[in-house]
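Here are some exercises to work through with the model on screen. Try each task yourself before you read its solution.

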Amino acid sequence: MPESILLSITVVVVLGIGAQWAAWRFRLPSILLLLLVGFLAGPVLGVLDPQSLRGDWLFAFVSLSIGIILFEGGLSLRLSELREVGSTVLNLITIGVLITWGLGAAAAHYILEFEIGLAILIGAILTVTGPTVVVPLLRHVRPKGRVNTIAKWEGITIDPVGAILAVLVLETLILLNDPQRTGAGTSAAAEHVAIGIGLEIFVALGISVVATILLVVILRRRMVPDFLRNAVTLMVVVVAFVVANVLQHESGLLATTLMGIALANQPYVSVQRIIEFKENLQVLLIGSLFVLLSARLELSALEYIDLRVLAFLGLLVVIVRPLAVFASSFGSNLEWEEKAFLSWLAPRGIVAAAVASLFAYQLRPFYPEAIDGMVPIIFAVIVGTVAIYGLTLSPLARWLDLAEPNPNGLLFVGAAPWVRTVARHVQELGHSVLLLDNNPDHVRAAREAGLPAHQGNALSENILDEITLSGIGHLLITIPNDEVASLTALHFSEVFDSTDIYQLAAQPDSRHGGEGVMPGHLRGRPLFGENTSYQSLRAHLDRGDTIEVLSLADEDGDETQEYYTYDDLSAAYEDTTVIPLFILREGETLEIVSEMSQFQLRPDDRFVALVGAGADVRDQDHKTPEVDQGAKREGPALEKATPDASDGAS
């Protein structure tokens with residue numbers, strides 16, 4: 001018996017993590033694969049016994065896990081983001097929730113033919129979206145402007161709101177159907193709901209404030225060592241969740257969400273390590289929850305999926321969500337494109353699945369026949385909304401001009417003085433740039449120079465929520481540490497293709513067999529050529545080399561070549577050092593110089609290069625055979641294309 005339990009736990013962990021890896025590898029919504037593998041492992045193949053997953057322990061684990069997930073989501077919310085969109089977010093989690101609830105309940109009653117009480121409960125359950133589905137979609141689409149902030153805030157804060165609403169509806173149904181309370185009528189139910197809402201808010205707010213203050217005091221006074229910081233934080237979150245639930249049923253979700261928001265916005269202690277730990281824990285919890293909940297389904301659940309369910313899903317997507325968004329944003333300064341984008345973003349996630357499974361278990365004595373269809377229908381809505389929005393949101397955002405079809409901007413990881421010089425020239429050429437650095441002095445200097453910059457740790461997954469990647473299509477890692485740079489390249493592979501990730505070698509021998517060199521599969525593409533390093537570029541700029549926009553032209557008037565190679569560029573000068581950085585193609589498309597064997601410059605192209613008198617520092621670092629730069633041979637001459645675009649190193 002213990003061996004079978006151990007095997008089941010192992011299967012859940014392997015399937016949960018494996019499905020998320022496969023989703024990342026093949027660029028699919030992870031929830032779809034998680035639900036699929038859970039259903040296959042449970043009712044289809046019998047690897048997980050659905051009957052063994054029906055105990056109270058499962059719902060306790062699910063409830064606690066969601067509380068932790070919402071705490072982690074709250075850590076990504078900054079109150080400063082609400083200055084412009086706060087009223088819209090508030091309307092979405094109040095007016096929008098009420099509209100979704102009412103119309104969803106009506107559709108469940110008239111289309112799916114559920115009894116009115118269950119229909120109201122289904123409408124309440126389907127008001128939630130959730131950070132586990134919204135945030136990954138936003139990272140993939142990278143929308144412009146305010147919609148990213150609105151969608152992220154709504155996705156995280158609507159979960160506890162919708163869960164509390166669903167719990168109150170559940171308790172009302174139990175109150176009305178309990179034979180021991182036969183005298184309870186609608187007035188008593190309304191009073192119960194009103195009191196419940198007040199108690200939920202009071203308890204959640206009180207517990208979150210106390211728990212946050214306790215945790216800040218513990219961390220600020222260094223009452224625990226570093227290796228226990230995350231464990232103590234998790235302990236406080238779990239205790240706050242349980243105490244809130246004991247005092248008021250299901251108020252723990254709101255308490256942990258508020259606790260996360262409060263902790264993220266307090267100025268006294270850093271929460272960076274806590275965020276990173278919770279992100280890793282969230283991956284395990286999400287995978288396990290979806291696998292467990294989908295494995296509980298029976299094969300007979302497929303009997304409830306018919307055309308009526310498809311009509312119900314279509315109504316939620318095409319009518320209910322747009323009405324909720326446009327009503328919530330009425331009177332705001334949102335453009336119609338932004339409203340349309342938000343109207344097409346309401347995927348249901350883990351909270352809807354967990355709440356439906358739990359409530360079906362509790363309501364079975366009162367609705368023994370009708371309750372069986374509720375869970376598979378809600379799971380169908382989850383799968384349908386994730387598939388619809390996941391496959392269509394990106395092209396819709398491009399059509400609405402809220403995301404660029406071919407983003408060509410540059411994200412520089414590192415903001416050292418020479419990096420700021422390069423970034424400023426790229427910006428002057430009309431391309432978007434963003435600098436990311438953990439050094440506050442570098443970030444401040446970049447902002448003073450008119451460059452958008454963000455202070456943060458590039459290795460924290462939370463950084464993807466904090467920075468705006470709209471218009472950014474390439475990652476340039478320009479930091480003097482090969483190990484951290486390689487980890488950054490792997491970390492950002494979630495949002496950038498491998499062909500768009502460039503890594504500058506820290507040392508001259510970083511890519512040439514030196515000791516401690518990172519393996520090739522752990523690095524980004526070489527930035528500015530294989531022989532270019534952080535040290536060599538800094539040396540060139542420190543000695544006074546300038547960045548200029550150049551072109552190759554045939555001074556003799558001979559017929560131009562089809563394209564020029566790096567050897568042609570090397571032969572075009574004798575005593576001048578020219579290090580190509582970027583190529584400006586026709587239509588001002590910016591291309592980053594990488595492998596020199598693939599360097600091809602067409603006659604009409606221009607290129608951004610680092611130009612200086614004297615020897616190439618890279619030749620002093622690498623003694624590999626190259627073209628003799630002192631030799632005279634025929635080739636295109638060097639011609640400055642736009643003198644006014646050049647500038648000295650800062």
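**Exercise 1. Count the helices and strands in the chain, then find what share of its residues is buried.**

Solution. The chain has 23 helices and 11 strands. Both kinds of element are DSSP runs numbered from the N terminus, with helices (H or I) of at least four residues and strands (E) of at least two. Before going further, note that this is a predicted model, where local features need pLDDT of at least 70 and side-chain atom pairs count only at pLDDT 80 or more, while totals for chains, interfaces and linings use all residues. Residues are numbered from 1 along each chain as its sequence is written, and side-chain values use heavy atoms, leaving out hydrogens and water.

Next step: of the 650 residues in the chain, 55% are buried. Buried means under 20% relative accessible area, exposed means over 50%, and partly exposed is in between (1.4 Å probe, protein chains only). A contact here means heavy atoms within 4.5 Å.

**Exercise 2. Describe how α6 packs against α8.**

Solution. Two packed helices are described by the angle between their axes and the distance between the axes. Axes are lines fitted to C-alpha atoms, for helices over the stretch in contact, and angles run from 0 to 180 degrees between N-to-C directions.

Start with the numbers: α6 (residues 116–125) and α8 (residues 147–177) pack at about 165°, and their axes are 8 Å apart. So α6 and α8 are roughly antiparallel. The cut-offs are under 35 degrees for roughly parallel, over 145 for roughly antiparallel, 65 to 115 for roughly perpendicular, and oblique for the rest.

Now the handedness: α6 and α8 cross in a left-handed way. A crossing is left-handed if the near helix is turned anticlockwise from the far one by less than a right angle, and right-handed if clockwise.

Who touches whom? On the α6 side we have Gly117, Ile120, Leu121, Ala124 and Ile125, and on the α8 side Gly162, Leu165, Ala166, Val169, Leu170 and Leu173. Sorted by class, this contact of α6 with α8 holds nine nonpolar, two polar and no charged residues. (Ala, Val, Leu, Ile, Met, Phe, Trp, Tyr, Cys and Pro count as nonpolar, Asp, Glu, Lys and Arg as charged, and the others, Gly among them, as polar.)

**Exercise 3. Now do it again for α6 and α15.**

Solution. The angle between α6 and α15 is about 155°, with axes 10 Å apart. That makes α6 roughly antiparallel to α15. The crossing of α6 and α15 is right-handed. From α6, Leu118, Leu121 and Ile125 meet Ala352, Val355, Ala356, Phe359 and Leu363 of α15. This contact of α6 with α15 divides into eight nonpolar, no polar and no charged residues.

**Exercise 4. Find the aromatic pairs, and look at how their rings are placed.**

Solution. Searching the whole structure turns up four aromatic pairs. Rings of Phe, Tyr and Trp (its six-membered ring) pair if their centres lie within 6.5 Å; planes under 30 degrees apart are stacked, over 60 edge-to-face, and the rest tilted.

Take Trp344 and Tyr389: their ring centres are 5.6 Å apart and their planes are at 85°, so the pair is edge-to-face. Trp344 sits in the loop between α14 (336–343) and α15 (350–363), while Tyr389 is in helix α16 (residues 374–399), so that the pair links parts of the chain 45 residues apart. Trp344 is partly exposed at 25% relative accessible area, whereas Tyr389 is buried at 0%.

Then try Phe492 and Phe496, a tilted pair with 6.3 Å centre to centre and 40° between the planes. Phe492 is buried at 0% relative accessibility, and Phe496 is buried at 2%.

**Exercise 5. Is Leu601 buried or exposed?**

Solution. First locate Leu601 in the loop between β9 (590–592) and β10 (606–613). Its relative accessibility is 0%, so Leu601 counts as buried. Then pick Ile583, 18 residues away along the chain: the C-alpha atoms of Leu601 and Ile583 are 7.7 Å apart.

**Exercise 6. How many residues of α7 are buried?**

Solution. Helix α7 (residues 131–141) has nine of its 11 residues buried. Among them are Pro131, Thr132 and Arg139. Step just past α7 and you reach Arg142, which takes a positive phi of about 55°.
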